[in-house]
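Please keep the sequence and the structure in view while reading.

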Amino acid sequence: MHLLPLILLAGAASAISDCARANIAWPTVFTDVDGLSTNACCTNNRGIDCGFSEKEEGVGRSCRIQCDENGFITSIHLQNIQLSTSTVPDFSTLTKLTYLDISMNADLIGSIPQSLPPALKTLHMNGCKITGPIPPLPGSLTDINLSSNQLSGSIPALPANLNSLNLNNNQLGGSIPALPPSLKVLSLRDNRFEGSLPSLPNSLTSLELQNNHLSGFIPTPFNFKPQVFDENCFVNAINLGSTNKKGCRNAIMTVPINGPTTTNI
Ligand SMILES: *[C@@H]1O[C@H](CO)[C@@H](O)[C@H](O)[C@H]1NC(C)=O
């Protein structure tokens with residue numbers, strides 16, 4: 001008897017376009033809903049309000065949406081837009097989204113939604129005012145930049161094919177989890193990470209660990225400037241030319257320049 005309205009509702013729900021989903025997620029930016037089933041935002045960014053025109057796009061500033069031939073949003077570039085205060089949008093309903101850059105938006109507050117878009121490869125939310133923990137990370141991610149926010153908590157399990165992880169300048173703590181074998185860039189400086197280092201993958205070409213509470217041994221041999229280990233509490237820091245944080249309890253603070261001396265009593 002009452003099945004028909006249900007079927008109609010289900011039909012309407014599956015007909016909703018990605019542009020309409022984006023409008024639900026972030027109505028201050030995806031403003032044009034001109035018929036919820038059209039793909040307005042895929043056509044010349046119709047209905048995207050970035051606070052500046054396409055002509056004003058430039059280095060460090062972007063306002064661009066890309067869709068596939070079926071109107072599914074595949075990439076969102078909304079870097080350094082003129083936004084009034086907004087919480088981090090939940091784009092988890094965008095199933096084809098692989099690239100999400102909403103970085104350098106100083107008015108972006110709140111925490112990262114518990115679920116991220118399931119096919120996401122690139123996640124750039126650096127330079128905002130995002131607080132709270134990092135949610136579980138989709139296995140598809142290869143490039144993460146969440147640096148210069150106010151994130152807290154610890155790092156969740158890292159995706160197996162991750163290439164680049166930048167979490168510099170947050171309030172993250174706990175120990176550093178196992179690093180995927182493909183990792184090339186690991187930037188964790190200016191946080192509160194503690195414990196010893198996991199093994200560093202051979203693929204690593206860039207490393208920043210300064211100013212944390214890490215301890216134990218710096219792995220040797222290593223291919224990085226000793227300074228990347230500064231301001232931690234590594235036992236062998238000084239003999240490798242790196243400086244320990246003041247007040248390290250567990251680390252050896254001084255190593256004799258001319259080797260150990262023996263004193264006969
Ligand atoms: C990540 O964000 C920081 C700060 O905004 C920036 O300096 C850096 O170049 C970005 N990219 C990577 C790959 O870390």
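By class, how many nonpolar, polar and charged residues does the shell around the ligand have? In this predicted model, the shell has 8 polar residues, with no nonpolar and no charged residues among its members. The points below name these residues and then turn to the sheet and to the protein as a whole.

**Ligand surroundings**
- The residues that surround the ligand are N126, G127, N145, S147, S148, S164, N166 and S187.
- One of these residues, S187, falls within strand β12, which covers residues 185–187.

**The open sheet**
- Eight strands form an open sheet of mixed pairing, and their order across the sheet is β1-β2-β4-β6-β8-β10-β12-β14.
- At the edges of this sheet lie β1, covering 62–67, and β14, covering 206–208, each of which pairs on one side only.
- On average, and with direction ignored, neighbouring strands of the sheet are turned by 10° against each other.

**Pairing at the β14 edge**
- The edge strand β14 is paired with β12 in the parallel sense, and this pairing runs over 3 bridges.
- Within this part of the sheet, V185 stands opposite S206, a residue of β14.

**The protein as a whole**
- The secondary structure of the protein consists of 2 helices and 16 strands.
- Of the 265 residues in the protein, 33% are buried.
- When contacts between residues at least 6 apart in sequence are considered, 16% of them join residues at least 24 apart.

Conventions. Residues are numbered from 1 along each chain as its sequence is written. This is a predicted model: local features need pLDDT of at least 70, side-chain atom pairs count only at pLDDT 80 or more; totals for chains, interfaces and linings use all residues. Two strands pair if DSSP finds at least two bridges between them. Helices (H or I, at least four residues) and strands (E, at least two) are DSSP runs, numbered from the N terminus. Axes are lines fitted to C-alpha atoms, for helices over the stretch in contact, and angles run from 0 to 180 degrees between N-to-C directions. A residue is near a molecule or strand if its C-beta atom, placed from the backbone, lies within 6 Å of it. Ala, Val, Leu, Ile, Met, Phe, Trp, Tyr, Cys and Pro count as nonpolar, Asp, Glu, Lys and Arg as charged, and the others, Gly among them, as polar. A residue is buried if 20 or more other C-beta atoms lie within 10 Å of its own, exposed if 12 or fewer, and partly exposed in between; C-beta atoms are placed from the backbone. Two residues are in contact if their C-beta atoms, placed from the backbone, lie within 7 Å.
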